[in-house]
Amino acid sequence: MADRILKKEDLGRLIASVNAKGGQFIAPALDARQVVFKPVTKAEEVVTDYIVARNSYKELVFPQTEVVADFTIGKHGVDLKGRDVAPQETIVFGARPCEAVSLSSLRAIFTWDYIDEFYTKREDALVVITVACTKADDVCFCTTVELSPETKTGSDIYLKETESGDYIVEAVTDKGRAFIEKHASAFSEGSAKAKALFIPEKIGTIDLKKISARLKDKSHYDDQVWGRLTRKCIGCGACTFVCPTCHCFDITDEGTAFAGERRKNWDACQFDTFTLHASGHNPRHYQYQRWRNRFMCKFNYYPEKFASKGCVGCGRCIRVCPVRLDITEVMEEFSK
Amino acid sequence: MEEILRKKAKELLESGEVKVVIGYGWNRQRTKTTPVFITDAAEADRLVWNPLCVNNLSVYLTRKFKDIQALGKPAIVAKGCDIKNIVVLITEAQFKRDDVYIIGMTCEGTVYRQELWKGELKPEIMPTKCHNCDVRNPHLADFVVGEKSSFTPPETPTGMVFDKIKAIDAKDQAGKWAFWINEFSRCIKCYACRQVCSLCYCERCITEKNMPQWIETSAHPRGNLSWNLTRAMHLVGRCTFCGECERACPVNIPLNLVNQKMIQVVKDAFDFRSGYDEKTHPPMIVFSPDDKDNFIK
């Protein structure tokens with residue numbers, strides 16, 4: 001049986017077709033010497049030699065800052081008008097299999113007790129085209145969290161690179177099939193040999209089951225181990241902001257005393273004001289307690305509440321950390 | 001050097017002179033260095049010293065880190081450039097000279113980012129600060145580790161940062177504005193620049209004061225500009241050009257350009273360079289009746 005192929009010379013045609021039909025095409029491209037997901041209009045802009053993009057594409061479904069309402073304050077009180085979200089069809093090309101999984105994690109939280117349409121409408125309009133990894137760096141750890149470059153969860157279309165730089169196309173979801181139909185002229189049939197995928201070695205000293213069991217027993221809570229391992233955390237939000245599953249936000253009002261916007265902005269549990277009470281008391285007084293929360297969120301709260309993953313092993317938090325705090329070192333400790 | 005460092009750390013901990021040694025250690029793969037806090041003399045062998053020791057550990061001496069302060073008197077492994085920050089902290093009364101034991105490391109330069117390390121320290125992977133360094137021999141320390149460095153910095157400072165500042169200075173106002181708006185547009189408000197900075201030690205940063213909200217927390221152009229400019233202003237006459245904020249920035253904003261420009265302005269206006277003398281107060285926090293400018297009188 002012939003495979004469906006996306007030839008590298010047809011990538012430009014695909015981008016043009018998406019743009020012509022009113023969609024935006026997001027792909028890894030260079031920005032300030034980094035490979036990042038951003039809108040592209042030409043195939044030449046797309047970078048193919050990268051491990052993972054610096055940013056997570058969650059910002060397409062959960063923007064860093066967005067207006068959710070407008071308000072005016074008059075003589076007779078506050079007039080608050082909610083905004084509607086009418087997202088453009090958005091195609092993300094070149095996602096990695098690990099981060100594709102994160103969409104189900106985000107959906108779980110944004111539809112848990114309240115349906116957050118700012119998220120769901122955007123995700124409905126998003127098509128994820130994953131390119132399976134043919135290389136990794138020394139902090140990739142997808143296999144350690146039971147994923148791999150072969151994982152297709154979350155991908156609408158799953159691509160494998162061929163030796164000649166083309167892609168073998170596999171439609172995973174109905175959304176993916178509809179996308180291929182809509183832009184059929186960019187795809188062709190043929191047969192090609194896929195490049196070997198690079199499967200990172202599982203970190204042998206890490207055992208997710210043991211981590212989960214140890215975290216469940218809350219006696220670790222005040223254990224000195226937290227301070228010992230994570231005291232160096234400086235409390236910035238870099239790890240949470242590049243993380244494909246971190247999802248916390250803050251609501252803030254901007255404008256004058258008479259009118260303005262209500263905004264939903266990314267927030268991070270690593271900030272000291274995150275849990276600061278109005279009384280002045282902070283239940284997470286020390287930085288290592290905030291770091292403990294991040295770890296608990298990913299490996300205890302999330303798995304307890306949802307079927308989806310809290311950590312997908314993309315390694316972004318390790319790469320970006322100014323003090324090189326490595327989450328796998330803590331996972332290792334809690335696997336003992 | 002490593003051996004002498006470890007021996008000294010062991011001695012300090014065993015005698016009880018200090019309770020914690022703040023230094024550098026390896027990560028799990030032994031490919032990158034990371035800050036370590038040694039409280040047990042038996043663990044002093046975890047300390048390492050090499051050109052990957054880029055972090056300015058003086059941030060851990062500030063009041064932002066109450067749990068580290070609670071450990072007791074610290075000794076800190078510091079390069080000359082890190083010691084500059086310790087000097088500023090002393091002049092700003094954050095602690096006294098005797099409150100910290102400085103293990104000064106003579107230094108032949110570090111890498112700009114650890115990711116650039118390929119096993120050899122070449123000039124092209126070193127930051128501008130190292131090329132112009134006048135403190136390769138620690139200028140304030142209780143104990144110095146390493147052979148005296150014979151490096152003399154160039155008469156006129158050179159390097160990428162200085163070249164770029166010249167290029168920006170040559171732009172007209174609209175050009176400068178466009179340059180910075182573009183650079184700041186990438187800001188994601190993670191505040192890594194602030195958190196990694198030992199001179200950003202306020203317990204409540206102005207951006208966290210929200211009654212009223214002085215600086216918009218949104219990562220839109222207005223919020224990004226006000227954040228980055230406010231932080232720059234708060235560092236005038238204090239910043240030592242250690243480069244930590246630029247290194248920590250996950251989106252590559254060239255903060256070194258801002259900082260070095262401020263340093264040049266302060267040098268021209270006050271003939272002052274921060275970080276060299278722990279007994280001289282920085283110009284922004286002193287009032288002098290002999291001030292040469294009249295507007296302040």
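Trainee: Which are the buried residues of helix α5 of chain B?

Mentor: In this model, which is a predicted one, the buried residues of helix α5 (residues 160–169) of chain B are Val161(B), Phe162(B), Ile165(B) and Ile168(B). Seen down the axis of α5(B), these buried residues fall within an arc of 125°, so they line one face of the helix.

Trainee: Why would residues three or four places apart point the same way?

Mentor: An α-helix has 3.6 residues a turn, so residues at that spacing point the same way.

Trainee: And which exposed residues sit on the face of α5(B) turned away from the buried side?

Mentor: That face carries the exposed residues Met160(B) and Lys166(B), while the cover over the buried residues of α5(B) includes α4 (128–131), α6 (173–184) and α10 of chain B.

Trainee: Now the loops: where is Ile215(B), and is Ile215(B) buried or exposed?

Mentor: Ile215(B) lies in the loop between α7 (192–196) and α8 (221–234) of chain B, and it counts as buried because its relative accessibility is 4%, where the cut-off for buried is under 20%.

Trainee: What does Ile215(B) touch?

Mentor: Leaving aside residues up to four places away in sequence, Ile215(B) touches Ile206(B), Thr207(B), Gly223(B), Ser226(B), Trp227(B) and Thr230(B). Of these contacts, Ser226(B) is 11 residues from Ile215(B) in sequence, and the two C-alpha atoms are 6.3 Å apart in space.

Trainee: Then Glu147(B), is that one buried or exposed?

Mentor: Glu147(B) is exposed, with a relative accessible area of 71%, and is found in the loop between β5 (143–145) and α5 of chain B. Not counting residues up to four places away in sequence, Glu147(B) touches Thr106(B) and Asn137(B).

Trainee: Switching topic, how many residues does each chain bring to the contact?

Mentor: Chain A gives 39 residues and chain B gives 40 residues, and between them the chains bury about 3,300 Å², with 50% of that on carbon and sulfur atoms. On the side of chain A, Arg231(A), Ile234(A) and Arg324(A) lose the most area to chain B, together 20% of what that side buries.

Trainee: How many salt bridges are there between chain A and chain B?

Mentor: The count is four, and Arg324(A) takes part in a salt bridge with Glu115(B), at 3.1 Å from N to O.

Trainee: How many salt bridges does the structure hold over all chains?

Mentor: Over all chains the structure holds 46 salt bridges. Within chain A, the side chains of Glu261(A) and Arg83(A) meet in a salt bridge at 4.0 Å, N to O. This pair links distant parts of the chain, 178 residues apart, with Glu261(A) in strand β12 (residues 259–266) and Arg83(A) in the loop between β5 (77–82) and β6 (90–95) of chain A. Both residues also belong to a network of salt bridges that includes Asp70(A), Glu216(B) and Arg222(B).

Trainee: What does Arg228(A) form a salt bridge with?

Mentor: Its partner is Glu333(A), the closest N and O atoms being 3.6 Å apart. Arg228(A) lies in helix α6 (residues 224–230) of chain A and Glu333(A) in helix α10 (residues 327–333) of chain A, so the pair ties together parts that are 105 residues apart in sequence. Arg228(A) is exposed at a relative accessible area of 51%, whereas Glu333(A) is buried at 14%.

Definitions and conventions:
Residues numbered from 1 in each chain as written. Chains lettered and ligands numbered in written order. Predicted model: local features only at pLDDT ≥ 70, side-chain atom pairs only at ≥ 80, totals over all residues. Heavy atoms only, no water. Buried < 20%, exposed > 50% of the residue type's maximum accessible area, 1.4 Å probe, protein only. Helix = DSSP H or I, 4+ residues; strand = E, 2+ residues; numbered from the N terminus. Arc of directions from axis to C-beta. Contact = heavy atoms within 4.5 Å. Buried area = accessible area lost by both parts, 1.4 Å probe.
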